[in-house]
Every structure is written in structure tokens, then in C-alpha cells.
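Hello,

Here is the structure I promised to pass on. My notes follow below it.

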Amino acid sequence: MTGGRWLLRAASLGVALLLWQGLTSLDVNLWLRFEQFPTVGEVASTFAERAGTGPYWQDLGSSLRRIVTGFALAAVLGVAVGTAIARSRIAADVLGPLLEVLRPVPAIALVPVAILLFPSNEQGIVFITCTAAFFPVLVSTRHAVGALAPVWEEAVLTMGGGRARILFSVVLPGALPGIFGGLSVGIGVAWICVISAEMISGEYGVGYRTWQDYTVIDYPGVFVGMLTIGALGWLTSTAVERAGRRLTRWLPARDSSGPVPSAAAAARTRTGRGPRRSPRAPLPVATRAGAAGPRSGPGSFPEQTREVTP
């Protein structure tokens, strides 16, 4: 990323902070009411105060532990189940209807189930987090595996490869871009649900502390919690995307404006005309025959194609 883009992003954040500071310091009360909002300075002062205490980092560590555990379980289960449903009719018939019935249920609605099912709140929160991230990963994996062209699988079969070789050499590598798309969505949904679960049944965590600040009308503390949640979500989502780019380096490079043009398009852009064929490279047989025109007469077979071995 160029320095100009970094400068533009920093400027956008600076403008947002200035707008926040102006609306709250002037107590703007038109249709939206900002008179009770804390200013940027108040939030920054509260953050500096809490960052020097142990409970803040304990809450942050608890939320990170829950999100990492639940998301890791969701990633493994989502990829495994999605691949099985996409490649097995039996798995699709047995698991598909049950998962489609459960998928529309919000994960946060499972809080009563988690309280009744698990012996501790910690396990229940991890269960909710895993459920929230599981379905985006499942759906993206199923579609990514189902969209793979069968020609690569047939090539492995032709060379004597078995089912395991096809799975690990063709299916999973080919579906990685779609899988990481689901993982990127899943980590964001997981953060939403883990914070909500901590607010309802947690004992520690950023969500629990944010709700406690709200109940005692500590609005700067509420905003500190919100900004902490946003920063953690951004960091974890960035980590997932970077891992995806590292594992799919074999794909054509892309930038923010779209895919990199092909070699022919790049050649036309540089020279104004298409790439030239090397003068020493022989033309294909079909091209030479077509240039001379079809022949008729004895010994000619215009309707047949000759295969030339180089």
C-alpha cells in the first residue's frame, strides 16, 4: 500500500474524530442528540486510566480466549462439514435439512440453551461463539467446493491418485479463496455474538465490562469498551485475511482496482498492439493448411484432422 493511501485513511479517521469532538463539545441537539455523549478527550482520558489497570487486560484476554477457541472450532467443523455436504449425497441428505433449519436461528438466541446445556458460563459462551462463526464458514465452503471444475479431479484420477490425494491436492486448495471469504465473515459475526453473550451471562470480558459501565451510567467507559471491541475485531479480521493471502499466493495477484491484466492485455497496453509471435516459431499445421486453402483431389482428406507430434 502506498503512502498516499495510508495518508488518506489516517485523514478519514482524523475527520471522524474532529466531527465527534465538535458535535459533543457544542452539545448539538437537533434531530440527533449529542449533549449526553462523552467527548473525545473524556474517552481518551478514561482509556488511559483503564489501560494502566489489571482488570482491563483481564477482560481483554478473556474475550480473546473465547473468540479464538470458538472460532478455531467453527473453522475446523465448518470446513469439514461443508466439504462433506458438497461432495457426498448421503451427507447432504442427512445433515443438510437439519443445518438448514438451524441456520436462520440467531446464535445469541441460543443463550438459554447454552445455560441449560453446559456446566459453566465459559463453555456456554464458547459454544455460542462457535455456532455464530460455523454457518458462514459452512456455507462458503459448500459453495466453493461445489463450484470447482471437475477437470482437475479427473486429471488426478487419470494419474492414479486416490480420494485423499484429490481432497488435499485439488479440492481444498481450489476452495481456499471461498473458504477464507467465509472465515472473514465468520470472525466478524463471532465478535458480535461473543460480546452479546458476555453481556448476558458473562463474568469477565469486554462485553461484560461494557454492560456494567452502562448500568452505572459511565458513558466514557461504554465508549472505551466499544472502541476496544472495534479494535479487536479489526485486528483479528486482518489476521484472517493476511493468512488467506499467504495461503493463496499461487493465485493471480490482485490490487484494489481489480485483477491484474493478462499478458496479452499488458502487452497491448505497453506497445499499443498485441504480442507478436516469434519469427522462428512455426505456425500450427491447421493454420498453415487454412492459409493455403482446402485442397481437393486424390490423397487429400479435408474433413480429417492430422495430429502432429512435436
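The chain exposes about 20600 Å², and carbon and sulfur atoms supply 65% of that area. Areas come from the Shrake-Rupley method with a 1.4 Å probe; for residues, only the protein chains shown count as cover.

This is a predicted model: local features need pLDDT of at least 70, side-chain atom pairs count only at pLDDT 80 or more, and totals for chains, interfaces and linings use all residues. Residues are numbered from 1 along each chain as its sequence is written, and side-chain values use heavy atoms, with hydrogens and water left out.

Of the 310 residues in the chain, 32% are buried (under 20% relative accessible area; exposed is over 50%, partly exposed in between; 1.4 Å probe, protein chains only).

The fold has twelve helices and two strands. These are DSSP runs, numbered from the N terminus: helices are H or I, at least four residues, and strands are E, at least two. From the N terminus, the order is α-α-α-α-α-α-α-α-α-α-β-β-α-α.

Now helix H9, residues 206-215. Val206, Gly207, Thr210 and Asp213 are buried there. They cover an arc of only 125° around the axis, so they lie on the same side of H9. The arc is that of the directions from the helix axis to the C-beta atoms. The buried residues of H9 pack against helices H2 (40-51), H3 (54-87), H8 (163-201) and H10 (219-247). Contact means heavy atoms within 4.5 Å. Just after H9, Ile217 takes a positive phi of about 60°.

Cysteines: the whole structure has zero disulfides (cysteine sulfur pairs within 2.5 Å). Cys130 is buried at 13% relative accessibility, and Cys193 is buried at 9%.

Best wishes
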